[in-house]
Amino acid sequence: MRLRNITTRCLSIVWASLFLVLPSTALPQSNTGVDLIPKKAWWGRYGYVNRTGKFVLEPQYEEALPFSDFIAAVKKDGKWGYINGEGKFVIEPRFENAFLFSDGAAAVQENSKWGFINRAGKFLVEPKYENAGIFRQGLAAVRWEGKWGFISKDGEMVVSPKFDQVYFFSEDRAGAQVNDLWGYIDRTGTFTVPPKYAEALPFSQGLAAVNIGGKREDNEFTGGVWSFVDPKGKVVIDEVMISAALPQKGAPSRVGTDGRQDTTAKIEAVENGFRDGKARVRIGSRLLNGDSQGPSWGYIDLKGNWLAEGNTKIPLNFTNYTPGEGFTFESDILGNRGTASDVLQTAKNAETIGKAYEQVEQIERDADEEFASADRMAELGDKEAAQAARQLGKEKHQEAKRLRDETDRRGGEANANSIKYFDQALKIYQDFVKENPDDLRRAEAQYKVGEMYEHLTKYWDAYKAYKKMVEETASNQYWDLAIERMFAIGNVYLAGQHQMMWKIPMPADMNKVVEIYQTIIKAAPFGPYAPLATFHCGLAREKQKKWPEAVKYYEEILDKYPKNDLIDDAQYQIGYVWSKAARQPEYDQTAAQKGIEAFQDYLARFKRSDKTEQATENIAMLQQRLSGGSLSVAKFYDKAGNYPAALVYYNEVITQTPDSPAGQEARQRKRVLEDLISETKQQTKTPDKSKISFRSNPQAQPRNVPNP
């Protein structure tokens, strides 16, 4: 029997790793970030299609990998690079070979050696290995002198190269082969399950498929006996349990009760690991209700119970489930929740349905916007554009109805919304955390609590859930994700997202914003988000006009992260903060002098920066400030032709000394400039906005909140 190519080692390990426990058609949206699938056109080039099979990115690549972490590796003109969902190269083609991004890194080949790059295309680990896999749970497989081991993102060899072949880490275990036999190692490289299997697939949902006695030839694995084991090697499923109604009765009844025939069958092949509570397997011949049934493919649940082929409703607890009848979330919440795995699976099912309804709701909003656009076009007399917008709105409404009906059939409730199911999933995840303090999946459940709060737009609660997970658990596959989500929430509050207090929207509290970023800095002081979090603490203090505290954070970047890309922005921002402070009476001359010194340091250290001209201008402005105050600065900008900036300082003079000669002069000149600006219809931003500049970094955003 030919299985999916999940056990081809070395160069194909990356492909194998992502498709092992996922449907063969596509990676899930949450993992890929882009809902497109690579497809080869009949003339031999690869492009990307959407769910309907329509090419969104035209076939133009020699080879193409699936999207992961929002970008995809493609080969063009003999070299590999990475594109985004619009088909634009974010990393230009220059590599001999390339793999998928995972955990923010990707393996690439240069000069016949393998290393790892970040999303900016810079090497995290210089190319020196004979081969490499992908990062999972903070570790990546590499081959050195013919043997495989694992490294961290800083290039440290965490597990020494001593294995013939390996799989990636999944659920803190990795398959490893020595002397042609497979076992499982932990993150220290110690075998927790001794090598004794002919094949051992990665763990998923607490179980892994293993084979004894089988043989591999090329990409085909045949024979032997398959079973599923837990992380300690204990056999959990060694045969499939099948139940069906007896022919003479036929009435539905519970498994194992009167009126049903029960039997078992051996597992002859495994297509993939568990996902959403089920795994696709082939079972052998069996005798059921007096009939001999041959081998067939289908699904089993986490207890080894046979499910009808194609069934998408997974039982919460097989003892109170009749195949084909499914289950209801209401009954699960009230009781009979089964094992911890059952409870966790119930939450995931509710979450899946919530996401489906969330997608439906977004399409419905898009449709309404198209109809509103059609009305606007009709009012303007553009009938053709109005008709096109109205037709698009109808198509979107039809698509929304189709998806809603499909979700209803998958277990949703008619006319339900996403909030209902996200709220259900939240409660179940919270209960799981409380009731299973020692379960290895507790960290996942706690992370999911935060994720559900985000879907419910309760961002402060989401932050607290992520913080709890980070503070109470050691590094795991959800730890880095929690850091990323906290950073995203901090960014949205920093940008002005209101917080709810007694159901009343209140301005974002910058002290809470700083608290979020400080949590990140404390938890991961040398992680990729720590410098950015420190910088954003400075921006938050700027919004509060706490100038010395803001400067302290920018200086912290210079001291703690001298090699980070943000140091030039931090140095510039120090000068900019003091220039703003110089406008306040309590700082005035001292702040102006400090601003001049900071900008002078910036010019000395970053001579090739794109902001040198701005820094030079700011020094001149501050020197005017020292010599003549606000009126002098206003005249400085007035003479330079920067009228919006001049108005800022003329207004300042009018506010400070409205009846003085300087105030009268400022008022007169202000009227002249306002007339000039009105006549020429200039659209220039004020200097307060234009001077806040720091290098753009890709930042994750909380769900359901638009990018600021």
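In the predicted model, Asp638 is part of helix H15, which spans residues 612–640. Asp638 has a relative accessibility of 11% and therefore counts as buried, the limit for that class being under 20%. A polar contact of 2.6 Å links the side chain of Asp638 to the side chain of Arg669.

Between the C-alpha atoms of Tyr637 and Val648 the distance is 9.7 Å, for a separation of eleven residues in sequence.

The chain as a whole has 18 helices and 35 strands. It consists of 708 residues, of which 48% count as buried. Its accessible surface amounts to about 34,300 Å², and carbon and sulfur atoms contribute 49% of that area. Among contacts in the chain with a separation of 6 or more, 46% are between residues 24 or more positions apart.

The largest nonpolar core comprises 94 residues. Within this core, the residues that touch the most other members are Tyr429, Met486, Ile489, Tyr493, Tyr517, Ile520 and Tyr554. For Tyr517, when residues up to four places away in sequence are not counted, the residues touched are Phe487, Gly490, Asn491, Leu494, Ala533, His536 and Cys537. Another core, of 29 residues, lies apart from the largest one and includes Val193, Tyr197, Trp226 and Phe228.

Aromatic rings were examined next. A pair of aromatic rings is described by the distance of the centres and the angle of the planes. With ring centres required to lie within 6.5 Å, the count is 25 aromatic pairs. One of them joins Tyr129 and Trp144, and because the planes are at 75°, with centres 5.8 Å apart, the pair is edge-to-face; the angle for this class is over 60 degrees. Tyr129 belongs to strand E11 (residues 123–129) and Trp144 to strand E13 (residues 139–144), so the pair ties together parts 15 residues apart in sequence. Tyr129 is buried, because its relative accessibility is 3%, whereas Trp144, with a relative accessible area of 36%, is partly exposed.

A further edge-to-face pair is formed by Tyr167 and Phe168, whose ring centres are 6.3 Å apart and whose planes are at 65°. Tyr167 counts as buried at 2% relative accessibility, and Phe168 is buried with a relative accessible area of 6%.

One aromatic cluster is formed by Tyr572, Phe599, Tyr602 and Phe606. Tyr572 in this cluster has Lys611 over its face, at a distance of 5.4 Å from the ring centre.

Key. Residues are numbered from 1 along each chain as its sequence is written. This is a predicted model: local features need pLDDT of at least 70, side-chain atom pairs count only at pLDDT 80 or more; totals for chains, interfaces and linings use all residues. Side-chain values use heavy atoms; hydrogens and water are left out. Helices (H or I, at least four residues) and strands (E, at least two) are DSSP runs, numbered from the N terminus. Buried means under 20% relative accessible area, exposed over 50%, partly exposed in between (1.4 Å probe, protein chains only). A polar contact is a pair of N or O atoms within 3.5 Å; within protein, one must be able to donate a hydrogen and the other to accept it, and residues adjacent in sequence count only if both atoms are side-chain atoms. Contact means heavy atoms within 4.5 Å. Accessible areas come from the Shrake-Rupley method with a 1.4 Å probe; for residues, only the protein chains shown count as cover. A nonpolar core is a set of buried Ala, Val, Leu, Ile, Met, Phe, Trp, Tyr and Cys residues joined through side-chain atoms within 4.5 Å. Rings of Phe, Tyr and Trp (its six-membered ring) pair if their centres lie within 6.5 Å; planes under 30 degrees apart count as stacked, over 60 as edge-to-face and the rest as tilted. A charge sits over a ring if NZ of Lys or CZ of Arg is within 6 Å of the ring centre and within 35 degrees of the ring normal.
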